Structures are given as structure tokens and as C-alpha cells.
Amino acid sequence: MIVDAVLGAIGGLAALGAAWAALSLRVVQQFQRGVVFRFGKVREQVREPGLVALVPVADRLRRVNVQIVTLPIPAQEGITRDNVTVRVDAVVYFRVEDPVKAIVNVQDYNFAISQVAQTSLRSIIGKSELDDLLANREPINQGLELMIDSPALGWGIQIDRVEIKDVALPESMKRSMSRQAEAERERRARIITADGEYQASARLSEAAAVMSSTPAALQLRLLQTVVEVAAEKNSTLVLPFPVELLRFLDSAADVQRQELKRPAPEQAAPEPESEPEPPQVRGVEQLELPPLEELLDHPPADPPRDPPPVPPERGGPEAGPA
């Protein structure tokens, strides 16, 4: 009887011990922290990971995850500072820094952080321009993180980082931006082509200077060009225009331009006006002279000689003394 009583007492104590252990012992994981409420009042001491002993019935344990939480922000539609309608979504990375504040100061810190992030995102869209949202996101991310971190400090939450994921643009804006990018590419292509032409022209001018000093080099180049054209198995062979003839035409054009640029001779001073002569009456028909060559080839005949003087009659008044 005594043995049975001892065994029963031992069994009862074991059952009481097991019940006490079930009511008072808790396990806190490594990524968790334990907040203890004793009769509804929070204990300032946060329980670390491991086995935690509680007072049965009086204490209640609340586990808080201290890992980094990835919270996506739903896409928010807004108008930028340069009047462009966009839809922007982002993601927030945060973790619980003070488990007591996270449990006591806010009812649901995940929902609170989500609402603050959405409001801050709409506010940052209205303060930014489209180019900054597309190409200069780092300052915007920092500003958004500062806006979310201000209320989160009172909740025992630390914002690790905030990043904008995507910016959705209207189709009309996408087409305008594509045309702008295409025009920019076309401008760069034209500049590169012009630069290549400039360098090629510089090299060709140097080659022309070498060929002008050595005429044989120009002839060899001409023959090489003919060989290259003939290698294509063409039925028609095109010979280049002679360079010497081009130079002759160029020099003749220069001479003509110089004559046109030469100033006209000074005009003589106008003579004083005189009284108009009366028109001459043509009374005798003018004779046309023969050509000068005909006169030189056929000289005129000797002019007729004077007739011999007639001797005076005898006994006349003009007769002298005998």
C-alpha cells in the first residue's frame, strides 16, 4: 500500500510538472523576439531566442519576426511636375527594430507601412519630372525612403531601402519618346558620316598633292582604276575624263572670270554741246572704192602727159623779132 501511494504521488507530481512545463515553457526561434505580457502589461525585457520560461496563467508571449520584410507597393497613378500621367509601383524593404513599439504603438505595422508607402509614392510622383523617374531614380528613392522612415521610427520599424520598380507611360508618350530617340540616332549617324567624309577628303587632298608632284603616279592610278573596272567582267568599260583637259578648261574659266572682274576704263569727259550742223544734201552719188588688196595688186597706169606746146604763128602778135 505504501509503495502504491508513493508511486501515485510521484505520478501526480510528474503530471503536475508536465502541465506546468506546458503552460510556462516556450520556444523562440532565432529570427524572432519574444514580447511578454503579464496580466496585460508589457514587460520591457525582450526575450531572446531559445527556451523561455513564463509564469503560468499570468504571462502571455507574443513572437515578433525581426527578418527583413519585402513589401510591394501597388501601382499608383499620378501626374508628374511636367504634366505627364504615369503609373509607378515600388517595393519597400524594412525590419522590426524595436519589437515592443511594433506591438504596442501600432495595431498592424505591415498594413501601416503599406499605406504610408502608397501615400508617399503618390506625393513623390507629383514632385518629380518624367525624366527623373526614368533615368535619375536614385535621388527619388532616397526621398521616398526618408518620407516613409519618418513615421516608421515611432513604430519601431527601420526602413532598409525603397526602390521604384516600374514606370508605366501612356502609349502616345511612348510613341513620342521613340520618335525623339530615333531623331537623336539619326542626328548622331549624320554627324559620324560627315566626320568620315571630312577625314576622307583630307586624305584625298594629301594623295592629290603627292600625285600632282609626280604625274606618272596619276597615270598609274588611272591604269589601276581601269584594271579594277575590267575585273568585274563588264561589257562596257568607262574611261575617266582626261585630267589635263579639265585643267585646261579650269584655267580658261579662271581667265574669263578675271576679265569679267577687271574694272572698265574711265570714260572721257563729255565734250560741250555744239550747235547741230545742218544736214548735208547728197547731190552726187558716191562711188564705191575697190578693195585695198585689188589696188595693191594692180597699180594704176601712168597719168597722161601734157600735149606739146603749139608754136606761134609767124607774123603774129606774139612773134618776136626775127
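Biologist: What average pLDDT does the protein chain have?
Modeller: The chain of this predicted model averages a pLDDT (the predictor's confidence in each residue, from 0 to 100) of 78, and 73% of the residues score at least 70.

Biologist: Which elements have the lowest and the highest mean pLDDT?
Modeller: Helix H9 (residues 292-297) is lowest at 56, and strand E7 (residues 85-96) is highest at 93. Helices (H or I, at least four residues) and strands (E, at least two) are DSSP runs, numbered from the N terminus.

Biologist: Where is the pLDDT below 50?
Modeller: Over residues 281-287, a stretch with zero contacts (heavy atoms within 4.5 Å) beyond near neighbours in sequence. Residues 315-322 also stay under 50, with two contacts beyond four places in sequence.

Biologist: What cut-offs apply, and how are residues numbered?
Modeller: Local features need pLDDT of at least 70 and side-chain atom pairs 80 or more, while totals for chains, interfaces and linings use all residues. Numbering runs from 1 along each chain as its sequence is written, and side-chain values use heavy atoms, without hydrogens and water.

Biologist: New topic. Is Leu51 buried or exposed?
Modeller: Exposed, because its relative accessible area is 62%; buried means under 20%, exposed over 50%, partly exposed in between (1.4 Å probe, protein chains only). Leu51 lies in strand E4 (residues 50-53).

Biologist: And Lys41, buried or exposed?
Modeller: Lys41 counts as exposed, at 63% relative accessibility. Lys41 lies in strand E3 (residues 41-42).

Biologist: How far apart are Lys41 and Asp59 in space?
Modeller: They are 9.2 Å apart, C-alpha to C-alpha, and 18 residues apart in sequence.
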